[in-house]
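Keep the structure open beside you as you read.

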Amino acid sequence: MLRVEEQQPVDFSSALLAKFDEIVKRYPEGKQKSALLPILHEVQAEQGWLSTSAMNRVADYLDIQDIEVYEVASFYTMYFLKPQGKYMLEVCRTGPCCLVGAEKLMNHIEHKLGVKEGEVTPDGLFSWRGVECLAACGYGPVLQIGPEYTFYENLNEQKVDDLIEDLRKK
């Protein structure tokens, strides 16, 4: 059985484990694997990302293979497999948004924050990445900012600068 080990063991809080129990109860007996996605969301909300140790613990809790957790966590883009900034700026990079300046906006964000896509600013506040369609083709360029996933449309460099400054003040 494949199991990736890390040096840092992870212990989930009793409150988080209680949430796991509550989530698993939503599914039929013997179908606890169905709780995997919402449990991963809870882990990420508490820890900020999904470490291998955390994924191993989830697998143990659900009594499934570790690889089953890795497959799911690596498939869905809403899960982070490395630490991220407190705020994740996600810019739509599909055709319609690119036609109205998304690529220029991503370059601007890279220079404004001083980090490349997927990196974390030194203060730990920001990460950014290009994502697939955010379903607002007529309002591009668009971005969403997590962890709340607030959505912003018709952006330009000044509007992005203002958003970043507002987040810094929080």
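Phe 75, Tyr 76 and Met 78 make a nonpolar surface patch of about 300 Å². Please keep in mind that what you see is a predicted model. Find Tyr 76 in the loop between helix 4 and strand 1.

## A buried arginine

Now look at strand 2, where you will find Arg 129. With a relative accessible area of 15%, Arg 129 is buried, because the cut-off for buried is under 20%.

Which side chain does Arg 129 join in a polar contact of 2.5 Å? The partner is the side chain of Glu 90. Leaving aside residues up to four places away in sequence, Arg 129 also touches Thr 77, Met 78, Phe 80, Met 88, Leu 89, Val 91 and Glu 117. One of these, Met 78, has a part in the surface patch described above.

The largest nonpolar core has 25 residues, and the members that touch the most other members are Leu 89, Ile 109 and Phe 126. At least two residues of this core come from each of strand 1, helix 6, strand 2, strand 3 and helix 7. Which of these gives the most? Helix 6 does, with 5 residues.

Not counting residues up to four places away in sequence, Ile 109 touches Leu 89, Val 91, Gly 114, Trp 128, Leu 143 and Val 160. There is also a second, separate core, made of 22 residues, with Val 10, Leu 16, Val 69 and Tyr 70 among them.

Helix 3 runs over residues 52-62. How many of its 11 residues are buried? The count is 8, which leaves this helix mostly covered. The buried residues include Met 55, Val 58, Ala 59 and Leu 62, along with Thr 52, Ser 53 and Asn 56.

What do the buried residues of helix 3 pack against? Their neighbours are helix 1 (14-24), helix 2 (36-47) and helix 4 (66-75). Just after helix 3 comes Asp 63, with a positive phi of about 55°.

Let's look at some exceptions.

The loop between strand 2 (126-131) and strand 3 (143-146) contains Pro 141, and the peptide bond from Gly 140 to Pro 141 is cis, with omega near -5°. Ala 135 lies in the loop between strand 2 and strand 3 as well. The phi of Ala 135 is positive, near 65°. Is Ala 135 buried or exposed? Its relative accessible area is 68%, so Ala 135 is exposed.

Next, move to the loop between strand 3 and strand 4 (150-152), where Pro 147 sits. Gly 146 and Pro 147 are joined by a cis peptide bond, with omega about 20°. The loop between strand 3 and strand 4 also holds Tyr 149, whose phi is positive, near 55°. At 33% relative accessibility, Tyr 149 counts as partly exposed.

Terms used. Residues numbered from 1 in each chain as written. Predicted model: local features only at pLDDT ≥ 70, side-chain atom pairs only at ≥ 80, totals over all residues. Heavy atoms only, no water. Helix = DSSP H or I, 4+ residues; strand = E, 2+ residues; numbered from the N terminus. Buried < 20%, exposed > 50% of the residue type's maximum accessible area, 1.4 Å probe, protein only. Core = buried A, V, L, I, M, F, W, Y, C linked by side-chain atoms within 4.5 Å. Contact = heavy atoms within 4.5 Å. Patch = residues over 30% accessible without salt bridge, like charges linked within 9 Å, V, L, I, M, F, W, Y side chains within 5 Å. Areas by Shrake-Rupley, 256 points an atom, 1.4 Å probe, with all protein chains shown as cover. Salt bridge = Lys/Arg side-chain N within 4 Å of Asp/Glu carboxyl O. Polar contact = N/O pair within 3.5 Å; in protein donor to acceptor, adjacent residues only side chain to side chain.
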